[in-house]
Amino acid sequence: MKIIRTLYDMTEYRVQQRDRGASVGFVPTMGALHEGHMSLVKKAVEENMVTVVSVFVNPIQFNNKEDFAKYPRTEEEDFKLLASAGVDAVFAPTAEEIYPEENCDNKEYALGTVAEVMEGKYRPGHFQGVARVLDILFRLVDPHRAYFGEKDFQQIAVVRNLVKSEGLKVEIVACPIKRANDGLALSSRNSRLSEEQRKAAPEIYETLKYSVEYSKDHSVRATHDTVVEHLDAIPGMRVEYFQIVDARTLQPVEEWEMSDWIVGCITVYVGDVRLIDNITYRTPH
Ligand code: AMP
């Protein structure tokens with residue numbers, strides 16, 4: 001597996017692959033890799049001649065300095081995992097490489113209303129930061145397909161809008177959420193949970209699952225409230241938001257009949273660790 005650190009070397013590698021007509025799959029990550037990331041990598045390896053994975057903790061998508069400082073970094077282990085999964089190249093640049101001073105334009109991306117709700121509202125600037133780094137990475141890696149996890153459900157909608165508005169030629173592939181045996185959605189941030197917090201955290205998914213049953217004979221409002229009340233009652237947990245939305249527009253629904261595809265997106269603080277998850281209430285397929 002090739003380890004690439006600079007824009008120059010990444011471009012050179014990309015040109016080599018283009019010259020030999022290879023299809024390229026791309027998995028952007030912030031490292032501290034787990035089985036969730038690796039499920040995306042596995043799909044990319046299966047579907048493309050060449051797989052490139054980026055490992056880059058993108059400073060400009062963090063609206064909270066402490067979250068950025070405490071974000072886990074496990075580069076050596078990450079590289080071992082990627083090599084054993086059959087990845088061809090890992091792109092792991094420094095922040096100076098991605099954002100040199102002369103590249104510090106404040107480009108504003110047209111990401112649509114899907115970027116204004118939920119994460120967009122609670123993490124100002126987050127999606128512009130995600131869009132900036134993906135715009136740079138997509139142009140550099142120039143993949144045929146890029147793989148994203150449905151754990152970050154809203155991010156996929158935002159990335160699809162980015163691709164459209166920037167006229168990028170990449171197919172966005174959405175991959176299902178990977179969970180631990182006890183149901184907790186795998187996340188790099190899980191490693192920051194204390195033993196006690198880790199024991200409590202599966203209650204997030206338990207509550208979401210229970211709410212799907214509950215929703216069958218209760219209103220959207222009642223379903224929302226039961227989730228928030230249940231999780232807020234657990235010591236050390238605080239729901240930041242829970243929104244039941246149309247899966248395409250990400251705008252809130254007031255009645256179950258308002259859409260054929262409805263998801264509930266949640267963000268919960270467990271101590272000072274911010275975890276996200278989501279669940280489907282209605283699906284067209
Ligand atoms: P991150 O390193 O957190 O930026 O995540 C990189 C990619 O992995 C994103 O597309 C995430 O949605 C995806 N991902 C993270 N956790 C999971 C998971 N538990 N299941 C599936 N995909 C995931």
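Colleague: Leaving aside neighbours within four places in sequence, what is Leu 140 in contact with?

Modeller: Leu 140 is in contact with Leu 7, Met 10, Thr 11, Arg 14 and Phe 91, contact meaning heavy atoms within 4.5 Å.

Colleague: What kind of model is this, and what pLDDT do local features need?

Modeller: It is a predicted model, where local features need pLDDT of at least 70 and side-chain atom pairs count only at pLDDT 80 or more, while totals for chains, interfaces and linings use all residues. Residues are numbered from 1 along each chain as its sequence is written, and side-chain values use heavy atoms, with hydrogens and water left out.

Colleague: Back to Leu 140. Where is it, and is it buried or exposed?

Modeller: Leu 140 sits in helix α7. Its relative accessibility is 14%, so it counts as buried; the cut-offs are under 20% relative accessible area for buried, over 50% for exposed, and partly exposed in between, with a 1.4 Å probe and protein chains only. Leu 140 and Lys 2 are 138 residues apart in sequence, and their C-alpha atoms are 16 Å apart in space.

Colleague: How many helices and strands does the chain have?

Modeller: The chain has 11 helices and 9 strands. These are DSSP runs numbered from the N terminus, with H or I over at least four residues for helices and E over at least two for strands.

Colleague: How does the radius of gyration compare with the globule rule?

Modeller: The radius of gyration is 19 Å, close to the 19 Å that the rule gives for 285 residues, so the chain is as compact as a globular protein of that length. The radius is taken over C-alpha atoms, and the rule is 2.2 Å times the number of residues to the power 0.38. Along the principal axes, the C-alpha trace spans about 60 × 40 × 35 Å.

Colleague: What percentage of the residues is buried?

Modeller: Buried residues account for 54% of the 285 in the chain. Of the contacts between residues at least 6 apart in sequence, 72% join residues at least 24 apart.

Colleague: Salt bridges next. How many in the count?

Modeller: The count is 25 salt bridges, each a side-chain nitrogen of Lys or Arg within 4 Å of a carboxyl oxygen of Asp or Glu.

Colleague: Which residues does Arg 139 pair with?

Modeller: Arg 139 forms a salt bridge with Asp 135, where the closest N and O atoms are 2.6 Å apart. Arg 139 also forms a salt bridge with Glu 166, at 3.0 Å from N to O. Arg 139 is in helix α7 and Glu 166 is in the loop between α8 (153–165) and β6 (171–175), so this pair ties together parts that are 27 residues apart in sequence.

Colleague: And how far apart are Arg 139 and Asp 135 in the helix?

Modeller: Both are in helix α7 (residues 126–141), 4 residues apart, which means a separation of about one helical turn. Asp 135 is buried at 2% relative accessibility, whereas Arg 139 is partly exposed at 47%.

Colleague: What about Asp 225 and Arg 221, where are they?

Modeller: Asp 225 and Arg 221 are both in helix α11 (residues 220–232), 4 residues apart, about one turn of the helix. Their side chains meet in a salt bridge at 3.3 Å, N to O. Asp 225 is partly exposed with a relative accessible area of 26%, and Arg 221 is exposed at 55%.

Colleague: Which residues do salt bridges that share partners join into one network?

Modeller: That network holds Asp 67, Glu 119, Arg 123, Arg 189, Glu 240 and Arg 274. Arg 123 is in the loop between α6 (119–122) and α7, and is buried with a relative accessible area of 8%. Not counting residues up to four places away in sequence, Arg 123 touches Gln 61, Phe 62, Asn 63, Asp 67, Arg 189 and Arg 274.

Colleague: Different topic. Where is Leu 250, and what is its relative accessibility?

Modeller: Leu 250 lies in the loop between β7 (237–246) and β8 (262–270), and is buried at 0% relative accessibility. Beyond four places in sequence, the contacts of Leu 250 include Met 118, Phe 153 and Val 245. Leu 250 and Glu 116 are 134 residues apart in sequence and 9.4 Å apart, C-alpha to C-alpha.

Colleague: You mentioned Met 118. What is its phi?

Modeller: Phi of Met 118 is near 45°, a positive value in a residue other than glycine. Met 118 is in the loop between α5 (95–98) and α6, and is buried at 1% relative accessibility.

Colleague: And what is the phi of Ala 32?

Modeller: Ala 32 has a positive phi of about 50°, although it is not a glycine. Ala 32 is in the loop between β2 (24–29) and α2 (35–47), and counts as buried at 11% relative accessibility.
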